[in-house]
Amino acid sequence: MSSALKCDLSSILKETDASRQCMDDNNYRKNMCTSYFLKYKNCRKFWHAIMVQRRRDGVKPNMPTAEERENILKSIGGTPY
């Protein structure tokens with residue numbers, strides 16, 4: 001995980017934990033957890049795109065704060081991943 005994405009612990013860690021739990025629950029059969037892996041991947045892509053756009057726009061910090069992330073997700077009607 002890139003150092004910039006580490007700032008978004010609440011979103012990415014939630015998806016990471018869900019993936020790990022699925023693997024535990026399914027005896028580490030990856031094919032049983034595909035949807036969890038996709039959510040994690042899409043989560044990282046989503047927040048990375050936000051970070052890149054903020055950097056281009058000169059907004060600091062590059063990664064939105066927890067409150068800003070919550071507002072972003074509310075404005076689009078929930079998580080897009």
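A residue is called buried when its relative accessible area is under 20%. By that criterion, 28% of the 81 residues of this protein are buried. The model shown is predicted.

**The whole chain.** Begin with the entire protein displayed. There are 3 helices and 0 strands, and from the N terminus the elements follow the order α-α-α. The accessible surface amounts to about 5,500 Å², and carbon and sulfur atoms contribute 52% of that area. Among the contacts in the protein with a separation of 6 or more, 51% join residues 24 or more positions apart.

**Colouring by confidence.** Next, colour the chain by pLDDT. The protein has an average of 86, and 89% of the residues reach at least 70. Now select residues 1–8, where the pLDDT is below 50. Beyond near neighbours in sequence, this stretch makes 17 contacts in the model.

**Two helices.** Select helix H1, residues 9–25, and then helix H2, residues 34–57. Confidence is lowest in helix H1, with a mean of 88, and highest in helix H2, with a mean of 94.

**A residue in helix H2.** Finally, select Phe-46, which lies in helix H2. Is Phe-46 buried or exposed? Phe-46 counts as buried because its relative accessibility is 19%. Keep Tyr-81 selected together with Phe-46: they are 35 residues apart along the chain, and 7.7 Å separates their C-alpha atoms.

Methods: Residues are numbered from 1 along each chain as its sequence is written. This is a predicted model: local features need pLDDT of at least 70, side-chain atom pairs count only at pLDDT 80 or more; totals for chains, interfaces and linings use all residues. Side-chain values use heavy atoms; hydrogens and water are left out. pLDDT is the predictor's confidence in each residue, from 0 to 100. Helices (H or I, at least four residues) and strands (E, at least two) are DSSP runs, numbered from the N terminus. Contact means heavy atoms within 4.5 Å. Buried means under 20% relative accessible area, exposed over 50%, partly exposed in between (1.4 Å probe, protein chains only). Accessible areas come from the Shrake-Rupley method with a 1.4 Å probe; for residues, only the protein chains shown count as cover.
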